[in-house]
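Subject: Structure handover

Hello,

Here is the structure I promised to pass on. Please open it first, then read my notes below.

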Amino acid sequence: MRILERLDELAALGDRIGYSPEEDAAHELAAGWFREAGLEVSVDAAGNLLGRVPGGERQVWTGSHLDTVPGAGRFDGTLGVVAGLEAVATLGLPGLGAVVFRDEERGCAGSRGCTARPDAYVELHIEQGPTLLRADAPLGVVTAIVGYVRGHRTFTGTPGHAGTTPMDAREDALVEAAEFVLRAREVARGIDGAVATVGQVTVEPGGTNVIPGRVVVSVDARAPDAGRLDQLAAALAIEEPTRTEPSAMAEEIRAALRGELERLGAPVLELPSGAGHDAGILASAGVPSGMLFVRSLNGGVSHNPAELSSAEDIALALDALTGALRRLAG
Ligand SMILES: [Zn+2]
């Protein structure tokens with residue numbers, strides 16, 4: 001399958017951090033494929049690559065990104081670009097476009113800097129998690145890209161001698177912080193679709209023989225809609241929170257994708273995306289957007305060289321994407 005050969009060619013370029021010479025090389029490779037497919041190629045001020053079928057009343061784009069995290073797999077972003085091109089080239093309908101956004105992994109600089117506004121955007125992407133694998137479903141339709149609140153919690157105790165302070169006379173800030181970590185797990189488990197993570201812990205004074213006097217933990221809390229995010233953030237009492245709102249996927253596009261899954265006889269499963277994507281940026285900017293997820297194998301692992309999706313699932317995803325674009329371009 002040509003898609004798999006092209007994924008190999010991109011993987012051969014190695015890790016591709018946004019706006020690095022390696023990402024440039026990937027964009028040059030893709031631009032060559034776009035021209036070969038007869039698309040009209042342009043690059044915008046943010047460096048995003050667009051290949052269009054000229055004309056058309058409605059501008060309908062599909063695509064993803066070609067930059068990677070360090071130590072990346074070979075499917076994240078790349079699959080949506082290569083399969084998107086295949087779908088656009090197969091249909092050849094005026095107004096269709098294949099797009100490659102720059103620098104997605106570090107915060108979606110490309111899609112944030114993209115000033116052109118299509119009438120619809122559909123992104124095919126690997127799930128990067130185990131939901132489809134567990135449900136025995138090859139594909140899934142994304143309902144929303146989760147919003148998140150990030151900040152920290154501070155715990156204060158009394159530093160003291162680790163040998164001479166009796167256990168019943170201690171105010172240990174790290175023990176309090178540990179109780180918070182466990183409570184955060186329970187709070188998130190109690191809200192459907194929510195997750196909460198403590199990823200950093202700073203302990204002061206930080207001596208092996210000193211009772212911790214002050215502990216700061218990071219908190220990353222995510223939920224699929226604003227109501228659940230409010231509930232989660234309030235229960236965790238996050239200090240100095242920064243918030244990114246959830247992005248709902250457009251019903252029109254979800255319906256087109258569900259229709260394709262039915263047509264192909266695949267189970268119709270809908271799920272939120274716990275990871276951020278360019279589709280969320282476009283949705284927040286008012287572009288009706290949708291995403292089709294492809295099952296991730298190896299337990300759903302991503303941002304790891306063990307990232308994997310099967311040729312069968314990819315072929316089915318291409319079929320569904322092509323059909324959905326045909327419905328949306330009409
Ligand atoms: Zn991605």
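Start with His125. At 2% relative accessibility, His125 counts as buried; buried means under 20% relative accessible area, exposed over 50%, and partly exposed in between, with a 1.4 Å probe and protein chains only. Two words on the source. This is a predicted model, in which local features need pLDDT of at least 70, side-chain atom pairs count only at pLDDT 80 or more, and totals for chains, interfaces and linings use all residues. Residues are numbered from 1 along each chain as its sequence is written, and side-chain values use heavy atoms, with hydrogens and water left out.

His125 sits in strand E5. Helices (H or I, at least four residues) and strands (E, at least two) are DSSP runs, numbered from the N terminus. Setting aside neighbours within four places in sequence, His125 contacts Ser64, His65, Asp76, Gly77, His277, Met291, Leu292, Phe293 and Val294. Contact means heavy atoms within 4.5 Å. Pro212 is 87 residues from His125 along the chain, and their C-alpha atoms are 44 Å apart.

Next, Ser64, one of the contacts of His125. Ser64 belongs to strand E3 (residues 60–65). Ser64 is buried too, with a relative accessible area of 0%. Not counting residues up to four places away in sequence, Ser64 touches a list that includes Gly77, Gly80, Val81, Tyr121, Glu123 and Asp278.

Now the whole chain. It has ten helices and 16 strands. Its C-alpha atoms fill a box of roughly 80 × 40 × 35 Å along the principal axes. Of the 330 residues, 50% are buried. Among contacts with a separation of 6 or more, 77% join residues 24 or more positions apart.

Two helix pairs follow. Axes are lines fitted to C-alpha atoms, for helices over the stretch in contact, and angles run from 0 to 180 degrees between N-to-C directions. Angles under 35 degrees count as roughly parallel, over 145 as roughly antiparallel, 65 to 115 as roughly perpendicular and the rest as oblique.

Helix H1 (residues 2–11) packs on helix H2 (residues 21–36) at about 150 degrees, with the axes 10 Å apart. The two are therefore roughly antiparallel. Arg6, Glu9 and Leu10 of H1 meet Ala26, Leu29, Trp33 and Glu36 of H2. By class, that contact has four nonpolar, no polar and three charged residues. Ala, Val, Leu, Ile, Met, Phe, Trp, Tyr, Cys and Pro count as nonpolar, Asp, Glu, Lys and Arg as charged, and the others, Gly among them, as polar.

The second pair is helix H3 (residues 78–91) and helix H10 (residues 311–329), whose axes come within 9 Å and cross at roughly 50 degrees. That makes H3 oblique to H10. This crossing is right-handed. The H3 residues involved include Leu79, Ala83 and Glu86, and those of H10 include Ile314, Leu318 and Arg326. The contact has eight nonpolar, three polar and two charged residues.

Last, helix H8 (residues 251–263). Its buried residues are Ile253, Arg254, Ala256, Leu257, Gly259, Glu260 and Leu261. Their cover includes strands E5, E6, E15 and E16, together with H10. After H8 comes Gly265, with a positive phi near 75 degrees.

Best wishes

Terms used
A crossing is left-handed if the near helix is turned anticlockwise from the far one by less than a right angle, and right-handed if clockwise.
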